[in-house]
Amino acid sequence: MNPTVATCQTTVDDLDVAANLGRVADRLSRLSDDVDVALFPELGLTGFVADDRLRSTALDIDGREVERLRELAAAHDTVLVIGFAEARGGDYHNTTVYVTPEGEVTPYRKRHLWSGEGDVFTPGDERVVVESPAGRTGLVTCYDLNFARDSVAFLDAGVDALFVVGAWPATHAPNWRLLVRARALDGVRWVVACGRTGRKEVTDAPTVEYAGRSLVVRPDGVVGSALAHAPDDLVVTLDSDVLAAQRDLVDVPIGSD
């Protein structure tokens, strides 16, 4: 089976969960019925500011907002991958959830925090692999891409794909593309990466222009398809024969765990 994935490259309204949930619902309604997995940006439900305002916006993974994601996944028969600030046991996490149409929610809590994230978030303590329509799939959030040891761990776990959600600053856009390609090539896997676009303009917080530049990279490190900066959907079917052929070509010990 060759799954169809969509990167829903969107703007995000920082600290406005209702607006962001509405945007997710709207974008899903525009996708074709054959999309198996839809990715949205890092912190796509809450946005991000590194102060107490984020804490007041953080969501409970068992709350009504995540229940709404379950409803949307079921209604569209599509797996959803999206991030938000999570409140959990007195800590706050940069969390990405993998939500199936059957209602199962698998969280990944970002392990590698960048810049001001460490002022409000506690890092997660485990890598997460899910069984997705693309096979065994690792969940990755933005700055995690920089850490080759995580890529090796996913290689040892035998993953066939990485799903990446990001909010990469536009000033570093070339590094985003480079790292997504590297993680595909060094793991001989598909990488599907969805970035935030637009501008963050929040009172008493730094203004940030986001890169967008969502892309799907083949297991040989070649960019199969990509977006520019504007809000848009990138829809790609992942050919299992491409993965098999590259793994036959490259002698890499995949799945040694």
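Predicted model: local features only at pLDDT ≥ 70, side-chain atom pairs only at ≥ 80, totals over all residues.
## Helices α1 and α3

Two packed helices are described by the angle between their axes and the distance between the axes. Helix α1 spans residues 17-30, and helix α3 spans residues 64-76. Their packing angle is about 5°, and their axes lie 11 Å apart. Angles under 35 degrees count as roughly parallel, so α1 and α3 are roughly parallel to each other.

From α1, the contact draws on Val17, Leu21, Val24, Ala25, Leu28 and Ser29. From α3, it draws on Glu65, Arg68, Leu69, Leu72 and His76. By class, this contact has seven nonpolar, two polar and two charged residues.

## Isoleucine 82

Isoleucine 82 sits in strand β3, which covers residues 79-88. Its relative accessible area is 2%. Buried means under 20%, so isoleucine 82 is buried.

Beyond its neighbours within four places in sequence, isoleucine 82 contacts Val24, Phe40, Pro41, Gly44, Leu45, Leu69, Thr95, Thr96 and Val97. Cysteine 194 is 112 residues away from isoleucine 82 in sequence. In space, the two are 9.5 Å apart, C-alpha to C-alpha.

## The largest pocket

The largest pocket has a volume of about 540 Å³. Its lining holds 28 residues. Phe48, Trp114, Ser115, Glu117 and Pro169 lie nearest the centre. Two elements give two or more residues to the lining: α5 (173-187) and β11 (208-211).

The lining residues divide by class into 15 nonpolar, five polar and eight charged.

Terms used
Residues numbered from 1 in each chain as written. Heavy atoms only, no water. Axes fitted to C-alpha atoms, helices over the stretch in contact; angles between N-to-C directions. Helix = DSSP H or I, 4+ residues; strand = E, 2+ residues; numbered from the N terminus. Parallel < 35°, antiparallel > 145°, perpendicular 65-115°, else oblique. Contact = heavy atoms within 4.5 Å. Nonpolar A, V, L, I, M, F, W, Y, C, P; charged D, E, K, R; others polar. Buried < 20%, exposed > 50% of the residue type's maximum accessible area, 1.4 Å probe, protein only. 1 Å grid on protein atoms, 1.4 Å probe; cavity = no way out; pocket = protein on both sides within 12 Å on 5 of 7 lines; lining within 4 Å. Points joined across faces, edges and corners; volume = space filled by probe spheres on them.
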